[in-house]
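Me: I would like to learn how to read a few features of a structure, taking strands, aromatic pairs and a helix in turn. Could we begin with the strands?

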Amino acid sequence: MDRRDLELVIAIRDRGSLAGAASALDVVPSVVTKRLGALELRLGQRLFDRTTRRLNLTAEGEAVCLHARGLLAGFAALENELGERQNELAGTIRLVATFGFGRRWLGPALAAFREQHPALQLQLQLMEQLPDLGAEGYDGALWLWPVQRRHAGDWVTRRIARNQRVLAAAPSYVERRGKPADVAALAAHDCLVARENGDGSEREAALWTLRHVRDGSAARVRVGGPLSSNSGEMVRDWCLAGEGIMLRSLWDIAPQLASGELVHVLPQFAMPDADIQWIAPWRPKTPKRVRVLVDFLIERFRSEPWKPEGRRSR
């Protein structure tokens, strides 16, 4: 049997008649009758029981149909892959990302990727809330928080790079209040709370769960202070102004830590919940342009370029 035979059997089964199959295959009915007869003769099996009024699959016909769709899908996938190998990447990729990481890191990365593939169109939307990717037509998202539970079965995730949230304060705050000796001591400090990612809590205090970067042991502390905001950038500005201690992604504040504008507080602890992830709606075959982009981003951020030179991953 060849591909045309499989398409013939599926067309007859789906349309329920030889005439309907002929219409679907864009041939005259006599061609369908002739091809079906030749196929059954070659197989030595009847695939359809035919009367003047009805046409029904035989057990052998059912067996052919059971495997035909998978085989035809395999033919199509192979043709697509071979076509992609010959063709320049083209088309549109629609992406979504958080504001901070999108502006600081993803935007320049996409510009570099576009230089390599000038026939591509890249559309980036910056948002605070992760949308329904499939329903809104996005190819994927670069995100820092776990997948919403209601979408976990419909989306696929892949880690692009490791990242941590670390504690930091301005030198002026440390001079005025000193550094906390341990995690529990944070409760007595002015902590700047960023209520992002849909955290609708209006409580003054926030629960910070920190882990030791070496042994992984966890320590929890409920923190609070006179200043909190739903804007992470506002919290960062307050911290730079010496208003308190914040918990912030390393990719966001690495330059200030390196320059001395901020001081790393309790450097042996971090909140390891902010890895950069690729999140995409599930599809049976991801377009090559999207696969190549994901591979590019993984390679670009593999070394965690926001880390100090001596601490980057290899």
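Reply: This is a predicted model, and in it His212 stands opposite Phe269, a residue of strand S14. That places us in the pairing of S9 (residues 206–212) with S14 (residues 269–270), which is antiparallel and runs over two bridges.

Me: How many aromatic pairs does a search of the whole structure find, and why is the pair of Phe101 and Phe301 called edge-to-face?

Reply: The search finds six aromatic pairs. For Phe101 and Phe301, the ring centres are 5.6 Å apart and the planes stand at 65 degrees, and because planes over 60 degrees apart count as edge-to-face, the pair takes that name. Phe101 belongs to helix H5 (residues 99–116) and Phe301 to helix H9 (residues 288–301), so that this pair links distant parts of the chain, 200 residues apart. Phe101 is buried, with a relative accessible area of 0%, and Phe301 is buried as well, at 1%.

Me: What kind of aromatic pair do Phe113 and Phe296 form?

Reply: Phe113 and Phe296 form a tilted pair, with 5.1 Å from centre to centre and 50 degrees between the planes. Since Phe113 lies in helix H5 and Phe296 in helix H9, this pair ties together parts that are 183 residues apart in sequence; both residues are buried. One aromatic cluster is formed by Phe101, Trp105, Trp251, Phe301 and Trp306. Elsewhere, a charged side chain can be read against a ring: Arg94 lies over the face of Tyr138, at 4.3 Å from the ring centre.

Me: Which residues of helix H2 are buried, and what covers them?

Reply: In H2 (residues 18–25), the buried residues are Leu18, Gly20, Ala21 and Ala22, and what covers them includes helices H1 (3–15) and H3 (29–43), together with strands S1 (48–50) and S2 (55–57). At the start of H2, a side-chain oxygen of Ser17 comes within 2.9 Å of the backbone nitrogen of Gly20, whereas just after the helix Asp26 takes a positive phi of about 60 degrees.

Definitions and conventions. Residues numbered from 1 in each chain as written. Predicted model: local features only at pLDDT ≥ 70, side-chain atom pairs only at ≥ 80, totals over all residues. Heavy atoms only, no water. Buried < 20%, exposed > 50% of the residue type's maximum accessible area, 1.4 Å probe, protein only. Helix = DSSP H or I, 4+ residues; strand = E, 2+ residues; numbered from the N terminus. Contact = heavy atoms within 4.5 Å. Polar contact = N/O pair within 3.5 Å; in protein donor to acceptor, adjacent residues only side chain to side chain. Phe/Tyr/Trp six-rings, centres within 6.5 Å; stacked < 30°, edge-to-face > 60°. Lys NZ or Arg CZ within 6 Å of the ring centre and 35° of its normal. Pairing = 2+ DSSP bridges.
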